[in-house]
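Colleague: I'm new to this one. Could you walk me through how to read a few of its features?

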Amino acid sequence: MSGLDTSSPLPKYHQLKEILRGMIEREDLQRGEIIPPERELCEEYGISRMTARQAIVELVNEGILYREQGRGTFVAGEKVKQEAERLASFTEDMAGRGHETTSSVLDAESVEAGPVVARLLGIEETEKVVRIRRVRHADGEPMALETSHLLHEVAEGLLRLDLSSRSIYDELRTGGLSIAWAEQSYEATVINELEAEHLGISTGSPALLIERVTHDDRDLAFEYVKSTYRGDRYRITTTLRP
Ligand code: 16G
């Protein structure tokens with residue numbers, strides 16, 4: 001490791017960031033590897049704890065490092081890319097990238113739609129919908145927390161299935177539903193406590209809030225899904241043409 005340049009006008013935390021970034025690019029620090037503890041970085045570069053922390057926090061926010069509570073800070077793997085113009089299920093999306101999907105089902109039950117879901121699905125507020133909350137994993141790593149609301153008549157059968165290793169879209173298609181198009185929005189958000197617990201990252205980490213309303217081939221809205229994707233592991237790409 002080379003030291004900091006004390007004559008440089010660049011702040012020390014910034015220099016440390018660039019040193020760590022360089023080590024990752026040269027693969028002196030490999031993906032998934034733990035980085036040296038703050039204490040060690042302070043000794044090595046003659047910097048304060050606050051300076052080391054600032055460099056690490058910024059690299060975490062950029063998705064280059066990630067923190068695991070109680071374990072340390074690690075070099076992040078390459079982000080999973082989702083092409084925004086394809087209507088795919090999580091399972092299909094991950095399979096296309098060579099990852100295997102599993103889910104932890106937090107709950108799956110019939111609940112009253114309520115005002116928001118009712119408006120989006122075009123039903124009465126008091127009507128029942130199937131609500132399924134799942135943590136979606138790619139190769140065992142938690143990626144997103146997903147809450148799906150589905151029309152009762154379409155999705156009632158899902159409540160009898162073990163959804164930890166099944167795709168909802170596959171099951172609905174098997175039941176005769178023709179999934180046609182969706183409207184999807186993206187927003188920046190931060191991880192709340194519940195999400196932090198399930199996604200294994202710290203509260204306040206950056207995330208993508210993705211909402212989708214999906215329609216069948218008769219333009220019937222059958223699902224409304226709200227998902228929080230880890231900002232450090234996920235990236236959306238689109239192809240733009242004139
Ligand atoms: C994706 C969809 C979600 C859909 C789910 C079905 C996004 C942002 N959301 O996660 O709306 O309900 O796939 O997944 O892509 P499954 O068929 O694997 O259960």
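Colleague: Let's start with two helices. In which hand of crossing does α1 pass α3, left or right?

Modeller: Before that, keep in mind that this is a predicted model. As for the hand, α1 passes α3 in a right-handed crossing.

Colleague: And at roughly what angle do the axes of α1 and α3 cross?

Modeller: Look at the helix axes here. Helix α1 covers residues 12-25 and helix α3 covers residues 49-61; their axes cross at roughly 55° and come within 8 Å. Angles of 65 to 115 degrees would count as roughly perpendicular and those under 35 as roughly parallel, and α1 and α3 are therefore oblique to each other.

Colleague: Which residues meet where α1 touches α3?

Modeller: From α1 you have K12, Y13, L16, K17, L20 and R21, and from α3 they meet T51, A52, Q54, A55, E58 and L59. Sorted by type, the residues of this contact come out as six nonpolar, four charged and two polar.

Colleague: Now aromatic rings. How is a pair of them described?

Modeller: A pair of aromatic rings is described by the distance of the centres and the angle of the planes.

Colleague: How many aromatic pairs does the structure hold?

Modeller: It holds three. Take Y66 and F74: their ring centres are 5.6 Å apart and the planes sit at 25°, so this pair is stacked. Y66 is buried, and F74 is buried as well.

Colleague: What about F90 and Y229, how are their rings arranged?

Modeller: Their centres are 6.3 Å apart with the planes at 40°, so that pair is tilted. F90 belongs to helix α4 (residues 90-96) and Y229 to strand β9 (residues 221-230), so the pair ties together parts 139 residues apart in sequence. Both F90 and Y229 are buried. Ring pairs also link F90 and Y229 with Y234 into a cluster.

Colleague: Let's finish with a single residue. Where is the place of A182?

Modeller: A182 is in strand β7, residues 179-190. Its relative accessible area is 30%. Buried would need a value under 20% and exposed one over 50%, so A182 is partly exposed.

Colleague: Which residues is A182 in contact with, leaving aside its neighbours within four places in sequence?

Modeller: Those are L87, R212, V213, T214 and H215.

Terms used
Residues numbered from 1 in each chain as written. Predicted model: local features only at pLDDT ≥ 70, side-chain atom pairs only at ≥ 80, totals over all residues. Heavy atoms only, no water. Axes fitted to C-alpha atoms, helices over the stretch in contact; angles between N-to-C directions. Helix = DSSP H or I, 4+ residues; strand = E, 2+ residues; numbered from the N terminus. Parallel < 35°, antiparallel > 145°, perpendicular 65-115°, else oblique. Left-handed = near helix turned anticlockwise from the far one by under 90°. Contact = heavy atoms within 4.5 Å. Nonpolar A, V, L, I, M, F, W, Y, C, P; charged D, E, K, R; others polar. Buried < 20%, exposed > 50% of the residue type's maximum accessible area, 1.4 Å probe, protein only. Phe/Tyr/Trp six-rings, centres within 6.5 Å; stacked < 30°, edge-to-face > 60°.
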